[in-house]
Amino acid sequence: METLPIWVALVALLPPPLTSAGTGLSLRRSVDVLPHDTYPGFSIKKFDSDHSMNYRLLETGFSQFFTVLEDGLVMTTSDLTPLVNRPVNLVVLEETPNATATHTLQLYVLDRRDMLRFPQETYEGARVMENAPAGTVVSGVPTLKAIGGGAGGLPLKYSIVAGNIEDAFALKKDDTKTPGNSVNGVKLVTKKPLDRETIASYTLTIQASDGRDIDKAVSKVQVQVDDDNDNSPVFSQKVYRFSVGGLRNRAANGTEWKRFAAVG
């Protein structure tokens with residue numbers, strides 16, 4: 001009986017990759033996206049390494065585009081344009097004097113022009129009045145809409161992934177349509193009345209992802225909560241003393257009053 005090399009046996013034992021419904025493409029839940037114009041020598045991942053470890057890239061059909069150095073650094077070696085819109089599965093063999101192990105990297109190459117991105121990395125100047133009712137649209141920030149189609153599977157999905165302290169904000173779909181244009185983005189709205197004295201400002205991270213959850217983009221929105229002056233008045237002194245000047249004035253009804261010259 002023919003004996004298979006150890007790396008062939010290891011590849012055969014790997015769990016099958018996930019399949020994206022309706023596409024026939026094999027994808028895993030965690031995919032690293034690379035732009036097509038990534039330069040040769042670009043570092044993708046560094047595995048832990050010491051003097052006793054050795055790494056090799058097993059042949060899965062992509063060895064002309066990628067390599068792994070002995071210290072565990074996975075990198076590109078050539079132009080990735082031929083791989084655009086293709087899932088890439090790399091299998092790295094880790095060898096030590098006493099054991100072997102495999103690591104699988106799931107990559108996806110996209111044309112840079114199709115990669116998701118927001119028009120701005122940060123939106124400043126967003127404001128909302130404290131105590132405004134839930135559902136109030138935050139002013140000073142436009143409808144949030146990512147550019148590009150990602151890996152397909154429209155429509156795009158939007159979510160707040162960081163900075164939403166106490167679940168204060170939500171995203172509301174904006175389907176505003178004008179002749180020749182459809183927005184299909186989201187508006188930032190309050191989810192409950194806010195208290196400026198508790199939290200005066202928020203920095204929210206908004207994420208857009210394609211329908212296949214492969215390509216993602218993020219942008220930050222800085223929101224200032226404006227004072228509604230809802231606090232009870234507080235006097236700075238317990239007692240106020242007034243000095244009254246000698247100037248008198250007589251009103252039309254004959255009532256006399258004196259002008260206050262100083263307060264303190």
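Asn131 lies in the loop between S10 and strand S11 (157-162), where helices (H or I, at least four residues) and strands (E, at least two) are DSSP runs, numbered from the N terminus. The model is predicted, so local features need pLDDT of at least 70 and side-chain atom pairs count only at pLDDT 80 or more, while totals for chains, interfaces and linings use all residues. Residues are numbered from 1 along each chain as its sequence is written, and side-chain values use heavy atoms, with hydrogens and water left out.

Most residues other than glycine have a negative phi. Asn131, although not a glycine, has a positive phi of about 70 degrees. Asn131 counts as partly exposed, because its relative accessibility is 35%; buried means under 20% relative accessible area, exposed over 50%, and partly exposed in between (1.4 Å probe, protein chains only). Glu166 also has a positive phi, near 55 degrees, and is a residue other than glycine. Glu166 is found in the loop between S11 and S12, and with a relative accessible area of 53% it is exposed.

Stepping back to the whole chain, the secondary structure comes to 1 helix and 19 strands. Of the 264 residues, 31% count as buried. Among contacts (heavy atoms within 4.5 Å) between residues at least 6 apart in sequence, 62% join residues at least 24 apart.

Some of the strands can now be followed one by one. Two strands are said to pair if DSSP finds at least two bridges between them. An open sheet of 3 strands has the order S4-S7-S6, with antiparallel pairing. Strand S4 (43-46) and strand S6 (66-68) stand at the edges of this sheet, each with a single partner strand, so one side of each is left without a neighbour in the sheet. From one strand to the next, the twist averages 15 degrees, with axes taken as lines fitted to C-alpha atoms (for helices over the stretch in contact) and angles running from 0 to 180 degrees between N-to-C directions. S4 and strand S7 (residues 73-76) run antiparallel and are joined by 3 bridges; Lys46 has Leu73 as its bridge partner in S7.

Strand S8 (residues 86-95) is mostly covered, with 7 of its 10 residues buried. Strand S5 (residues 54-58) pairs with S8 in the antiparallel sense over 5 bridges, and here Leu58 stands opposite Val91. S8 also pairs with strand S9 (residues 100-110), again in the antiparallel sense, over 10 bridges. Asn89 has Gln106 as its bridge partner in S9, and a hairpin of 4 residues joins S8 to S9.

What holds the inside of the model together in terms of side chains is the next topic. In soluble globular proteins, nonpolar side chains tend to be buried together. A nonpolar core is a set of buried Ala, Val, Leu, Ile, Met, Phe, Trp, Tyr and Cys residues joined through side-chain atoms within 4.5 Å. The largest such core has 26 residues, and those with the most contacts inside it are Phe118, Val138, Leu144, Phe169, Tyr202, Val221 and Val223. Strand S10 (122-129), strand S15 (185-190), S16 and strand S17 (216-226) each supply at least two residues of this core. Leaving aside neighbours within four places in sequence, Val223 is in contact with residues including Val138, Phe169, Leu188, Tyr202 and Leu204. A second, separate core of 17 residues includes Phe47, Val74, Leu83 and Val88.

The aromatic rings complete the picture. A pair of aromatic rings is described by the distance of the centres and the angle of the planes. Rings of Phe, Tyr and Trp (its six-membered ring) pair if their centres lie within 6.5 Å; planes under 30 degrees apart count as stacked, over 60 as edge-to-face and the rest as tilted. A search of the whole structure finds 4 aromatic pairs. One of them, Phe47 with Tyr55, is stacked, at 5.7 Å centre to centre with 15 degrees between the planes. Phe47 counts as buried at 8% relative accessibility, and Tyr55 is buried with a relative accessible area of 3%. Another pair, Phe169 with Tyr202, is edge-to-face, at 4.9 Å centre to centre and 85 degrees between the planes. This pair links distant parts of the chain, with Phe169 in strand S12 (residues 169-174) and Tyr202 in strand S16 (residues 201-209), 33 residues apart. Phe169 is buried, with a relative accessible area of 1%, and Tyr202 counts as buried at 5% relative accessibility.
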